[in-house]
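Have the structure open as you read.

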Amino acid sequence: MSMRRDLLNRLARGLPTSSTAAFAAEVRRLRATGADVINLAAGEVDFDTPEVISQAAVDAIRRGATRYAPVAGITELRQAIAERQGVTFGVPRSAAEIVVTNGAKQALANAFAVLLEPGDEVVVPAPYWTSFPHMITMAGGVPVVCPTGPNTGFKLTPELVESLLTTRTRALLVNNPVNPTGVVYTAAELAALAEVALRHDLTVICDEVYAGLVYEGADSVSMASLGSEIRQQTVTVSGFSKTHAMTGWRIGYAAAPIEVARAMSAWQGHTTSAASTISQHAALAALRDEPHELLAGRLAELDSRRRLLCAEIDATDGLVLAVRPQGTYFAFVGLDGIVPTARSCGSPGTAEETGQDAASFAHSLLQEAHVAMMPTSDFGAPHHLRVSYTVPKARITEGMGRVQAFLSR
Ligand SMILES: Cc1ncc(COP(=O)(O)O)c(C=O)c1O
């Protein structure tokens with residue numbers, strides 16, 4: 001018999017399934033046995049999509065707005081996004097520079113697809129959102145992980161970036177506010193990174209999907225607001241999932257220099273076409289019609305959950321806030337005396353040396369105490385957990401009580 005070829009190509013063979021999805025499946029399996037699991041591992045809030053947004057989708061269906069939309073998005077939505085970029089974030093963009101996508105995820109994937117030549121390097125700060133390196137690899141690029149740690153508040157600095165530059169470096173990825181740390185960059189810090197990008201002619205892909213969720217007076221500064229030069233070199237990625245409680249609607253966008261926007265649209269035209277027409281009408285209502293008080297109310301609730309969770313963590317022997325979160329809905333937590341807390345993330349090593357990593361701790365915590373906290377091994381941080389404050393305060397308190405009981409056994 002002749003040798004059969006591999007069914008899958010090299011890239012697909014090397015592509016792991018998402019660890020966050022696997023952990024979520026473990027939570028579901030446990031729940032299916034009747035266990036009351038407190039889920040502090042989610043990547044989405046428990047709020048329902050606001051009624052005014054859902055109603056706009058129903059209206060769109062009823063009036064027959066159910067056909068293909070223009071590939072880059074319906075004109076009104078692109079205009080509304082461009083306006084929002086200008087008014088809220090100080091980024092002057094025209095509608096032609098906006099591409100509406102199937103979630104922020106597709107905007108990122110398409111950006112890498114149109115920007116990278118095979119072998120091009122992209123600097124990715126660790127800890128990173130788990131999909132970034134895979135997306136870069138899938139687009140033919142090479143993710144170059146930049147370790148960060150407590151000494152820089154888990155933030156990229158110009159020196160860290162410059163230490164990794166080679167002749168193949170093509171782009172710099174910035175996620176602000178950061179998943180999984182909750183860290184928010186200041187304008188000065190971003191300006192310093194912009195300066196490096198300009199000096200070395202790097203395109204900046206800036207994932208600002210959590211830009212609407214900042215607390216403690218932190219400012220959501222957009223990289224592209226820092227001047228026309230950097231704007232011409234920046235692809236801003238954002239979306240409606242996080243700020244408007246719309247994860248299932250799958251609407252994101254890129255705001256990019258016009259030739260990048262055109263290429264992303266062409267790419268999308270030959271792959272998925274436009275994002276759901278119905279969801280686009282919902283997203284338009286989110287920008288146009290959602291009362292500001294609703295958004296402010298969700299933010300205030302998240303902020304009070306954040307303060308509660310941080311206080312609970314501070315009061316728990318064994319758990320330490322690696323850094324104080326000022327944005328997103330995540331806290332980044334080390335396991336003091338249980339799993340050695342790494343000096344920095346993104347450098348391989350000590351988990352194997354000690355035998356215990358945060359993933360095995362999270363697994364035991366889930367199975368024995370029925371509390372889910374996301375291990376961040378696939379976020380370039382094998383010694384930490386990402387703890388979400390996406391559940392009501394009473395559940396946070398109960399969950400942290402269980403964690404304390406688990407730790408003191
Ligand atoms: C940093 C970051 N970027 C992008 C996304 C994807 O967002 P969307 O639901 O709009 O695809 C997520 C979702 O978890 C995220 O955490």
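What volume does the second largest cavity have? About 70 Å³.

## Ground rules

This is a predicted model, where local features need pLDDT of at least 70 and side-chain atom pairs count only at pLDDT 80 or more, while totals for chains, interfaces and linings use all residues. Residues are numbered from 1 along each chain as its sequence is written, and side-chain values use heavy atoms, leaving out hydrogens and water.

A cavity here is a set of points on a 1 Å grid over the protein atoms alone where a 1.4 Å probe fits but cannot get out, and lining residues have an atom within 4 Å of a point. Grid points are joined across faces, edges and corners, and a volume is the space filled by probe spheres set on the points. By this rule, there are two cavities of 30 Å³ or more.

The largest cavity comes in at about 80 Å³. It has 13 lining residues, and the closest to its centre are Pro125, Pro127, Tyr128, Asn175 and Val178. Two elements give two or more residues to this lining, β3 (121–126) and β5 (169–175), with β3 giving the most, three residues. (Strands are DSSP runs of E, at least two residues; helices are runs of H or I, at least four; both are numbered from the N terminus.) By class, this lining has eleven nonpolar, two polar and no charged residues. For the classes, Ala, Val, Leu, Ile, Met, Phe, Trp, Tyr, Cys and Pro count as nonpolar, Asp, Glu, Lys and Arg as charged, and the others, Gly among them, as polar.

Back at the second largest cavity, the lining includes Val45, Phe47, Lys242, His244 and Arg298. Its residues split into seven nonpolar, three polar and two charged.

## Open pockets

A pocket, by contrast, is an open set of grid points with protein on both sides within 12 Å along at least five of seven lines. The largest pocket has a volume of about 1000 Å³. Of its 44 lining residues, Thr20, Lys105, Trp129, Ser131 and Lys242 lie nearest its centre. Helices α2, α5 and α6 (131–138) each give two or more residues to the lining, and α2 has the largest share, with seven. The class count is 21 nonpolar, 14 polar and nine charged.

The second largest pocket holds about 360 Å³ of space. There are 22 residues in its lining, with Thr88, Phe89, Ala211, Gly212 and Thr243 nearest the centre.

## The seven-stranded sheet

Seven strands make an open sheet in the order β2-β8-β7-β6-β5-β3-β4, with mixed pairing. (Two strands pair if DSSP finds at least two bridges between them.) β2 (98–101) and β4 (142–147) stand at the edges with a single partner strand each, so one side of each has no neighbour in the sheet. On average, neighbouring strands are turned by 20° against each other, direction ignored.

Look at β3 and β5 again: they pair in the parallel sense over three bridges, and Val123 stands opposite Leu172 in β5. Helix α4 lies across β2, β7 and β8 (252–255), running at about 115° to β2. α5 also packs on the sheet, touching β2, β3, β5, β6 (203–207), β7 and β8, and its direction makes about 160° with that of β7. Contact means heavy atoms within 4.5 Å; axes are lines fitted to C-alpha atoms, for helices over the stretch in contact, and angles run from 0 to 180 degrees between N-to-C directions.

## The five-stranded sheet

A second open sheet has five strands in the order β1-β11-β12-β10-β9, again with mixed pairing. Its edges are β1 (38–40) and β9 (319–321); each has a single partner strand, so one side of each is left without a neighbour in the sheet. Here neighbouring strands are turned by 40° against each other on average, direction ignored.

β1 pairs with β11 (residues 371–375) in the parallel sense over three bridges, and Leu40 has Met373 as its bridge partner in β11. Helix α2 (residues 19–32) packs on this sheet, touching β1 and β11, and its direction makes about 170° with that of β11.

## Where α5 meets α10

Helix α5 (residues 103–115) and helix α10 (residues 258–269) pack at about 105°, their axes 9 Å apart. They are therefore roughly perpendicular to each other, a label for angles of 65 to 115 degrees. Among the residues in contact are Gln106, Asn110 and Val114 in α5, and Val260, Met264 and Trp267 in α10. This contact divides into nine nonpolar, three polar and no charged residues.

Notes
Parallel < 35°, antiparallel > 145°, perpendicular 65-115°, else oblique.
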